[in-house]
Amino acid sequence: MFSHVKELQYNAKPDRPDPVYAKKLQEILGGQFGEMTVMMQYLFQGWNCRGDEKYKDMILDIGTEEIAHVEMIATMIAQLLDGAPAREQDEIVGQNPAVEAVLGGMNPQHMIVSGIGATPTDSVGYPWNSRYTIASGNMLADFRANLNAESQGRLQVCRLYESTTDPGVRDMLSFLIARDTMHQNQWMAAIEELEQNQKAIVPSTFPQNLEKQDVNYSFMNFSQGEESSQGRWASGKSMDGLSDFDYVATPAAMGQVPKLQPAPAYVHGTVLPGQMVPDTEKANFEQNQQGNDLH
């Protein structure tokens with residue numbers, strides 16, 4: 001059960017309208033790493049959680065907080081659009097300020113579709129997509145995806161902070177940046193805790209002896225140059241502690257030369273020189289019809 005509190009989690013009050021910046025702010029609302037994404041990602045992870053109850057409770061705590069962040073940003077966008085299509089008109093020439101704002105970089109859908117309100121889209125108008133979300137049922141895999149989402153989200157909010165001088169907007173963004181700091185720490189702590197109780201490789205339940213043993217800890221150099229050999233991933237103990245990394249400077253092909261058989265006649269593929277596909281003179285429809293007649 002969810003219950004809405006009328007007060008926002010934190011202030012969302014711009015000092016002045018700015019329809020162009022409202023368009024930019026759509027990215028952290030309905031973009032790939034925006035608040036709508038993490039909100040839905042965490043809520044579905046929580047609702048689907050089959051692990052320790054403390055993890056489910058934690059996931060739903062943060063998922064519910066993200067609903068508040070969606071409301072804050074949507075409110076901020078709506079206020080940035082206040083007055084955007086209603087500046088003082090030039091009575092002599094009949095200037096249309098809404099058109100002026102659109103031509104100046106405002107998202108035209110903010111006027112045409114949403115009536116100077118936020119939309120569930122990114123900064124270029126692409127609709128929010130549930131494929132942005134990850135809820136796999138494996139908590140370690142999900143928590144790593146969550147850490148990435150919070151990292152990308154905080155990066156974008158910091159860039160938006162640098163893109164405005166509005167004190168009110170910066171105040172709200174500073175709050176979101178601080179919460180993303182906590183959320184990154186939160187997911188790192190949860191990941192560390194899970195890794196103490198299971199192998200670091202996801203999924204930890206698959207028998208490792210079924211892997212191809214001679215390649216599961218080899219870093220293969222598939223690009224020109226060997227600078228990559230100097231990295232932590234190319235030598236020393238593997239991160240899961242179960243083996244040692246080795247560096248393969250010139251990896252060799254280990255598979256066969258692929259050779260596919262000609263497609264059957266009904267596919268109407270490419271005929272090889274000097275060869276005809278069997279039954280080319282018959283239509284697949286006729287063959288199917290003959291089969292139907294037998295029934």
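This is a predicted model: local features need pLDDT of at least 70, side-chain atom pairs count only at pLDDT 80 or more; totals for chains, interfaces and linings use all residues.
The chain has 295 residues, of which 32% count as buried. Its mean pLDDT is 89, and 86% of the residues reach 70 or more. Over residues 86-94 the pLDDT falls below 50, and this stretch has five contacts in the model beyond near neighbours in sequence. Nine helices and three strands make up the secondary structure. Along the sequence, these elements follow the pattern α-α-α-α-α-α-α-α-β-β-β-α. Among contacts in the chain with a separation of 6 or more, 72% involve residues 24 or more positions apart.

The largest nonpolar core contains 27 residues, and the members that touch the most others are Leu25, Ile28, Ile73, Met172, Leu173 and Leu176. At least two residues of this core come from each of α1 (19-25), α2 (27-30), α3 (35-47), α4 (53-80), α7 (139-162) and α8 (167-197). Another core, of 16 residues, lies apart from it and includes Met58, Leu147, Ile191 and Leu194. In soluble globular proteins, nonpolar side chains tend to be buried together. Within the largest core, Met172 is one of the residues that touch the most other members. With its neighbours within four places in sequence left aside, Met172 is in contact with Tyr10, Asn11, Ala12, Met72, Ile73 and Met76. Of these contacts, Ile73 is itself among the core members that touch the most others.

The count of aromatic pairs comes to nine. One of them, between Tyr10 and Phe175, is stacked, with 4.6 Å centre to centre and 0° between the planes. Tyr10 lies in the segment before α1 and Phe175 in helix α8, so this pair ties together parts that are 165 residues apart in sequence. Phe219 belongs to strand β1 (residues 218-220) and Trp233 to the loop between β1 and β2 (236-237), 14 residues apart. Phe219 is partly exposed, with a relative accessible area of 26%, and Trp233 is also partly exposed, at 44%. Elsewhere, ring pairs join Tyr42, Tyr55, Phe143 and Trp187 into a cluster.

The three strands form an open sheet in the order β1-β3-β2, with mixed pairing. Strands β1 and β2 are the edge strands, each pairing on one side only. Strand β1 pairs with β3 (residues 244-248) in the parallel sense over three bridges. In one of the bridges, Ser218 has Asp246 of β3 as its partner. Strands of a sheet pair through backbone hydrogen bonds, either parallel or antiparallel.

A search of the whole structure finds zero disulfides. A disulfide is a covalent bond between the sulfur atoms of two cysteines. As for individual cysteines, Cys49 counts as buried because its relative accessibility of 12% is under 20%. Cys158, at 26% relative accessibility, counts as partly exposed.

Conventions: Residues are numbered from 1 along each chain as its sequence is written. Side-chain values use heavy atoms; hydrogens and water are left out. pLDDT is the predictor's confidence in each residue, from 0 to 100. Contact means heavy atoms within 4.5 Å. A nonpolar core is a set of buried Ala, Val, Leu, Ile, Met, Phe, Trp, Tyr and Cys residues joined through side-chain atoms within 4.5 Å. Buried means under 20% relative accessible area, exposed over 50%, partly exposed in between (1.4 Å probe, protein chains only). Helices (H or I, at least four residues) and strands (E, at least two) are DSSP runs, numbered from the N terminus. Rings of Phe, Tyr and Trp (its six-membered ring) pair if their centres lie within 6.5 Å; planes under 30 degrees apart count as stacked, over 60 as edge-to-face and the rest as tilted. A disulfide is a pair of cysteine sulfur atoms within 2.5 Å. Two strands pair if DSSP finds at least two bridges between them.
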